[in-house]
Structure formats: structure tokens, C-alpha cells
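Please look over the structure shown below before reading on. The briefing that follows takes up helix packing, aromatic rings and backbone geometry in turn.

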Amino acid sequence: MSIDTEPELKPAAQRPEPMGTEQSRGRAIVDGLVRSILPVLLALIVAGFIMLAMGSSPLAFFQGVWTYGLSGGNWQRSLVLMAPLVIIAVGLIVAFRGQLWNLGYNGQYLLGAVVASGVGPYLFAVMPAWLATLIIFVGAILVGAVWSLIPAILKARYGTNEIITSLVMSFIGVGIANLLIKGPFKDPSTPQPQTAVIPDDQLLPYIPGTQIHVGFIIAIVLAIVAQFVLTRTSFGLRMDVFGASPKAARHVGINSTWMVILLFAISSGLIAFAGSIDVLGQYSYQRANWDPHYGDAIMPFVFLARLSPLAAIPLVAFYAILATGGTLAAQQAGLNVDFLLVIVGLILLFMTITEYVGERRRLGQSYLPAGLRRTLVRPFQRDGRGSL
Amino acid sequence: MSDMLSVTFVTVLVASVIAQTMPLLLASVGETIGEQAGVLNLGIEGVMLIGAYSGFVVTLTTGSFWLGMLGGALGGIVGNLAMLVLNVWLGLNQIVIGLAVTLIGEGITSVLYLQNYAKANASLGQTPSLPIPGLADIPVIGQAVFQQSGIFWVMLLFVLAVGFLLAKTNWGLATRAAGQKPSSLDAAGGSVLRTRSIAVLLSGAFVGLGGAYLSVLTTATFTGFLTNGLGFIAIVITMLSRGRIALVMITSLIYGVAVAIGPALQVIGFAIPADVIKMLPFIVVILTLIVFARSSVVPPALGAPYVRGAR
């Protein structure tokens with residue numbers, strides 16, 4: 001690589017890739033890694049400074065995350081949390097790939113959960129556990145899919161902004177879930193507004209030798225299947241075409257009305273499924289006014305994974321550890337669980353900024369003149385390739 | 001049923017409608033200014049919370065409700081700075097930034113409140129009222145409307161002023177041009193960037209005022225997630241009102257009635273679950289959207305960062 005022999009005016013971006021595709025693919029992966037991890041690191045650093053400003057110790061916090069999220073047997077708790085999170089991530093990816101903003105995840109999740117916690121006790125009493133589990137899963141997915149019809153139809157027919165409609169529907173869904181828990185599904189044996197507890201032997205079984213329920217395996221398999229469908233089948237291609245341009249999709253014969261309704265239904269159905277699996281795997285009952293806001297937290301990581309279900313798994317794992325450990329760690333550091341929201345928001349901000357800087361570099365639209373810019377960029381690239 | 005029309009009931013109802021309408025009205029006006037200039041602010045929920053928290057803290061420490069409102073406006077402006085720099089100046093994805101601002105606003109205000117004020121359970125108390133001479137003596141209406149705090153009247157004046165400025169002045173024309181066809185504003189010698197920057201800051205001030213009105217006057221206290229989706233309702237109202245302040249006022253008032261009617265009915269003995277009361281405004285909103293789906297219009301350049309010469 002001789003820098004000086006290259007023509008002076010040729011912009012770096014138009015340089016033909018001299019090495020074979022293998023190396024450029026390697027660089028793309030490194031680039032992708034940097035772009036995915038950098039925002040998280042920057043967010044954690046800034047969050048640390050905010051903690052300092054608020055008089056808490058960031059070191060104690062991060063140490064607590066390690067202690068309560070990973071060490072000892074705690075990594076198992078993190079994996080249990082991953083089960084619903086990965087499924088929600090897949091659900092969001094399906095909608096986002098079609099350029100549909102399904103932001104109604106909180107309501108969809110709680111409605112799915114209430115199907116399991118409310119109907120579950122009755123079903124488990126009269127039929128074998130496997131059959132009841134199956135019925136609950138199908139029921140939750142259907143409830144989620146039907147719930148998404150209003151935003152989907154409004155979007156497909158009138159182009160009404162689905163961000164707003166799905167969000168508003170989410171608030172209504174949360175309200176309905178609470179009403180159901182306080183009303184028809186309330187456990188009469190306690191004064192607390194909560195559903196009846198499903199006995200342990202009816203819940204999803206553990207993976208042998210661990211305390212992780214099989215929902216974790218279901219979630220991982222689902223992500224792999226989703227990855228295959230999205231990247232290797234004609235349906236995945238149709239989705240991408242539709243997402244890139246609904247107009248172009250119409251020209252190649254894709255029914256966009258149907259596509260909007262279908263993608264919304266799959267997305268919302270999966271998120272409701274996550275709710276039911278969380279109840280049957282972990283919680284065994286549901287309290288009123290409980291809302292974990294999983295979707296809010298998972299969204300940035302879905303973007304960082306470039307809407308790829310497989311790439312989302314490690315990022316979700318990271319968040320699961322942060323959330324599992326962070327709940328206790330935040331209390332210890334004199335903060336509150338809600339501080340996790342700040343970290344997630346910062347990740348989103350730094351993600352857009354990293355994206356911006358990255359695009360600038362690649363498109364050669366730098367504010368610096370080309371020659372000066374190359375001397376700045378080259379050493380960085382060479383170092384990056386050598387050390388990574 | 002005779003309770004329905006009793007003097008106390010109507011008085012409480014009207015006062016409660018005003019208390020619920022004003023925060024939403026101010027936030028919607030703020031969002032309208034931004035949207036007319038072509039900036040869709042999805043972070044309004046977070047900005048409102050920042051305004052509500054700063055308004056609460058300033059009122060609690062200084063004891064002045066007026067300074068509290070000012071603090072709320074400043075908080076809103078600070079909250080909107082992220083939008084200004086990242087979206088207007090750098091042209092980054094506004095949906096992602098909006099969600100980030102919402103999350104950070106929710107998280108930071110909740111943590112700060114729990115850290116500093118949760119144990120004291122502080123309440124700000126009653127706002128001093130400003131009876132309008134003569135009118136304040138009218139039965140029912142006099143007590144409910146004409147004995148409001150002076151803040152209410154000033155805020156109402158601000159809202160009407162924005163309506164006038166947007167519709168009748170050069171500033172309003174430039175702002176609307178920045179949302180309708182930024183290139184035409186550019187060609188006429190105006191600066192799209194400066195117009196949008198001013199609009200975003202003013203928008204932040206109004207959204208912050210809305211949050212502060214909620215914490216300082218309506219609830220007289222602060223808790224985490226106080227707004228509970230009010231910001232998103234403001235976005236819907238802005239979409240349905242198509243930039244007309246008069247329509248913003250009417251739709252906000254409908255929302256205020258929807259929120260106030262539940263507790264008022266509870267007062268006279270109807271048992272309505274709290275969850276239904278909380279859901280009611282959202283149900284009204286979604287029904288409105290279903291009925292008027294076709295007439296929700298936004299400016300053509302909404303959300304598109306302006307790049308000179310780009311097509």
C-alpha cells in the first residue's frame with residue numbers, strides 16, 4: 001500500500017478495491033462491528049459522567065452490573081430475560097424491514113401476557129399442560145395480530161401515520177390488560193389485583209441442568225428461522241422491496257395493502273407471543289399495572305443489528321445483562337431502574353451520530369479537502385485493520 | 001340525577017376541564033409551530049417531562065409560580081436543543097432522535113425526582129387566584145373560569161398570539177414556507193436553517209410550558225412519567241388541526257372534557273374504574289383518527305432535512 005503514488009485528486013471512496021472480495025468483506029464486518037459497538041461504548045461513558053454529576057459512583061454501578069448480571073449463577077437470569085427480548089426484537093425487525101413503525105409493543109406484549117396469565121389457570125386445570133401451552137401460544141399470537149388491525153388498516157387505506165395510531169392503541173391495550181387483571185381474571189383468593197398463580201409443574205420446563213426455561217431455545221430458533229426467511233426466501237425479498245419503495249413493490253405485483261396488514265400482524269403477534277412465553281416461563285402470574293417496557297429498551301439494539309435477527313442476539317444479550325444486573329446495581333449506586341432508560345436513549349443518540357460520521361467518511365463528503373482528509377483517514381484504517 | 005346539574009358539580013367540572021386542557025393545549029401549540037416549520041418532534045413526551053420537572057423544582061425552591069413557569073419554558077428549550085442540533089443542523093433521523101429524547105427525558109426526570117424529592121412528597125399547594133372584577137361574581141362560571149390564576153390568562157394570551165403570528169405575519173409565512181416548500185423560502189432570500197431553528201426553540205418553550213402547567217398548576221406536584229402519553233396525544237392533535245390554532249384549541253378542549261368527565265362523575269357517586277378513565281382520552285383519539293383519517297394533513301416537507309440543491 002503506497003499512499004504517495006496514488007493520483008492526488010482521486011477521492012478515497014472511488015478507489016477500486018484492490019484486494020479480493022474476501023478482504024473487503026472482512027473490512028465490512030469490522031466496519032459493522034465498530035459501528036455497532038462504538039455507540040454503546042460512548043453511551044456508557046457519557047452515562048458514567050451523568051452518574052458522577054448526580055453524585056453516584058459509575059464504577060460501583062458497572063461493577064454491580066457485572067456481579068448481578070453475570071457472575072455466579074446470575075448469567076442464567078440474564079438468559080431467561082433474553083427469551084422475551086429476542087422474540088420482541090424479531091417482531092420489531094419484521095415491521096421495521098417493511099418500513100412500518102410498530103411502536104405499540106407495550107400494549108401488544110401485555111395483551112399477550114394476559115392471555116397466558118388470565119386464561120392459563122383455567123386451561124391448565126382441565127387439560128394436559130402441553131395442549132394448554134399450545135392453545136395459549138396460538139391464542140396470544142392471534143390476539144396480538146388482531147390488535148394490530150386498526151393501525152394496519154388505517155395505514156393501508158388512508159396512509160395514517162402508524163407511529164401515532166400504534167402508540168395510542170398501545171395505551172388502550174395497557175388499560176385493557178389492567179382491567180382484565182382487576183376484573184374477570186383476578187385471583188379471588190388474594191386482595192391484591194393479580195391473576196391466579198400457575199403451578200410450577202405446569203410452566204415451561206427448564207433446559208436440563210440449568211434454570212433456564214425452554215422459551216430461550218424457542219426464541220433463538222425463532223431468530224434463526226426469521227434470519228433465513230428474511231434473507232433467503234422470496235417472501236423476505238418481497239418485504240425488502242416493499243420496505244425500500246411501496247411504489248416499486250406495486251410494479252412487481254406486491255399487494256401493498258395486504259403487505260402492511262400482514263407485516264403488522266406478524267410483528268404484533270410475535271410481541272404478544274413474547275408476553276405469553278414470559279408468563280409461562282418465568283412469572284407464572286401477572287400483577288395489575290405491571291409494564292416492563294421491553295420494547296422501548298430493545299429498539300436501539302434492533303437498529304444497531306442492522307435489522308438482522310441473528311446480529312440482534314448478541315446485542316440483546318448485552319442488554320439482558322445490563323438490565324438484569326442494572327436493576328440491583330442502580331439501587332446500590334443510589335439511582336433508580338429508570339436510569340437504564342437514559343442509557344438506552346444515549347445509545348440511540350450516539351447511534352445516529354456514528355451513522356452520520358460513517359456516512360460522511362464513506363461518501364467522501366468530508367468538510368476537509370481530499371488530500372488532507374486522506375492523511376487523516378489512512379493511518380486510522382491501517383491501524384484498525386492491523387490491530388483488529 | 002339532580003346531582004348532575006348541581007352548582008358544585010358543574011363548577012368542579014369546568015375547573016377540571018380547564019386544568020386538563022391547558023397542558024395539552026400549550027404542548028400542541030408548541031408541536032404545531034415545529035411541524036409548520038417542517039420538524040416533527042417525536043421527543044415531545046420527554047421534553048414535556050423535562051419542562052414539568054424543571055417547573056416543579058423552580059417553583060418549589062423559589063416559591064414563585066411565575067418563575068416556575070419560566071423554568072419550565074427554559075427546560076423545554078434545553079430539551080429541544082438535541083432536536084435542533086441533530087435533526088435541523090445535521091439532518092439525522094428524526095424518529096430515532098425523537099424516541100431517544102423521550103427515553104432520556106422519562107429516565108432522567110424519574111431518577112432525579114426519586115433521588116431528590118420522593119421522600120419529602122412535596123406538594124406545591126394552591127396557586128393564588130386572580131379574580132376578574134365583576135365577572136368573578138357570576139355564579140358557576142365566575143368561580144370556575146374567572147377566578148383562575150393569572151398564569152392561565154397569560155398562557156391563553158400566548159396561544160392566541162401564536163395563532164395570530166403564524167397566520168398574519170412575515171415570520172409566520174416564513175415558518176410555514178419552511179414546512180411547505182423550503183426551497184421557495186431559500187429562493188426568496190430566507191434562511192431555512194434559521195427559520196427552523198427559531199421554530200424548534202419556540203416549540204420547545206411552549207412544550208416546556210405545557211409540562212410546567214401540568215406539574216405546577218394542574219397536579220401541583222411531580223412524579224415520574226407524570227405526562228403518561230400526553231405528548232403523543234399532542235402530536236395527534238397537531239396532525240388533526242392542520243396548523244390552525246383555533247382547531248388546536250377546540251380539539252384540546254374535547255380532550256380536556258374526556259379526561260375531566262370521569263373524575264367528576266366519580267365525585268357524584270358513579271363508580272368508574274380508574275383504568276377506564278385513563279383509557280378514555282386514547283379511545284376518543286383513536287375514534288377521531290378512524291373518523292377523520294383522511295383529513296389529517298401534515299406539511300409536505302415535514303421531517304425532511306433541508307439540503308440546498310438536493311432534489
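In this predicted model, H3(B) and H9(B) are oblique to each other, a class for angles that are not under 35 degrees (roughly parallel), over 145 (roughly antiparallel) or 65 to 115 (roughly perpendicular). Local features need pLDDT of at least 70 and side-chain atom pairs count only at pLDDT 80 or more, while totals for chains, interfaces and linings use all residues, and side-chain values use heavy atoms, with hydrogens and water left out. Residues are numbered from 1 along each chain as its sequence is written, with chains lettered from A and ligands numbered from 1 in the order in which they are written.

**Helix packing in chain B**

- The axes of helix H3 (residues 65-89) of chain B and H9(B) come within 6 Å and cross at roughly 140 degrees, where axes are lines fitted to C-alpha atoms, for helices over the stretch in contact, and angles run from 0 to 180 degrees between N-to-C directions.
- The crossing of H3(B) and H9(B) is right-handed, meaning that the near helix is turned clockwise from the far one by less than a right angle.
- The contact of H3(B) with H9(B) comprises 18 nonpolar residues, eight polar and one charged; Ala, Val, Leu, Ile, Met, Phe, Trp, Tyr, Cys and Pro count as nonpolar, Asp, Glu, Lys and Arg as charged, and the others, Gly among them, as polar.
- For helix H1 (residues 7-36) of chain B and H10(B), the axes come within 8 Å and cross at roughly 55 degrees, which makes H1(B) oblique to H10(B).
- H1(B) passes H10(B) in a right-handed crossing, and the residues of this contact divide into nine nonpolar, three polar and two charged.
- Among the residues in contact (heavy atoms within 4.5 Å) are B:Pro23, B:Leu24 and B:Glu31 of H1(B), together with B:Leu230, B:Ile233 and B:Met239 of H10(B).

**Aromatic pairs**

- Over all chains the count comes to 22 aromatic pairs, where rings of Phe, Tyr and Trp (its six-membered ring) pair if their centres lie within 6.5 Å, and planes under 30 degrees apart count as stacked, over 60 as edge-to-face and the rest as tilted.
- A:Phe61 and A:Phe339 form an edge-to-face pair, with 6.4 Å centre to centre and 75 degrees between the planes.
- Because A:Phe61 lies in helix H2 (residues 58-69) of chain A and A:Phe339 in helix H14 (residues 339-363) of chain A, the pair ties together parts that are 278 residues apart in sequence.
- A:Phe61 is buried at a relative accessible area of 1%, and A:Phe339 is buried at 1% relative accessibility; buried means under 20% relative accessible area, exposed over 50% and partly exposed in between (1.4 Å probe, protein chains only).
- The rings of B:Phe146 and B:Trp153 are stacked, because their centres are 6.0 Å apart and their planes at 10 degrees; B:Phe146 is buried at 17% relative accessibility, whereas B:Trp153 is partly exposed at 26%.
- Ring pairs also link B:Tyr53, B:Phe56, B:Tyr113, B:Tyr117 and B:Phe222 into a cluster.

**Positive phi in loops**

- Most residues other than glycine have a negative phi.
- A:Ser284, although not a glycine, has a positive phi of about 70 degrees; A:Ser284 is found in the loop between helix H11 (256-283) and helix H12 (294-304) of chain A, and is buried, with a relative accessible area of 8%.
- B:Ala220 has a positive phi of about 60 degrees, lies in the loop between helix H9 (192-218) and helix H10 (230-241) of chain B, and counts as buried at 11% relative accessibility.

Technical notes:
Helices (H or I, at least four residues) and strands (E, at least two) are DSSP runs, numbered from the N terminus.
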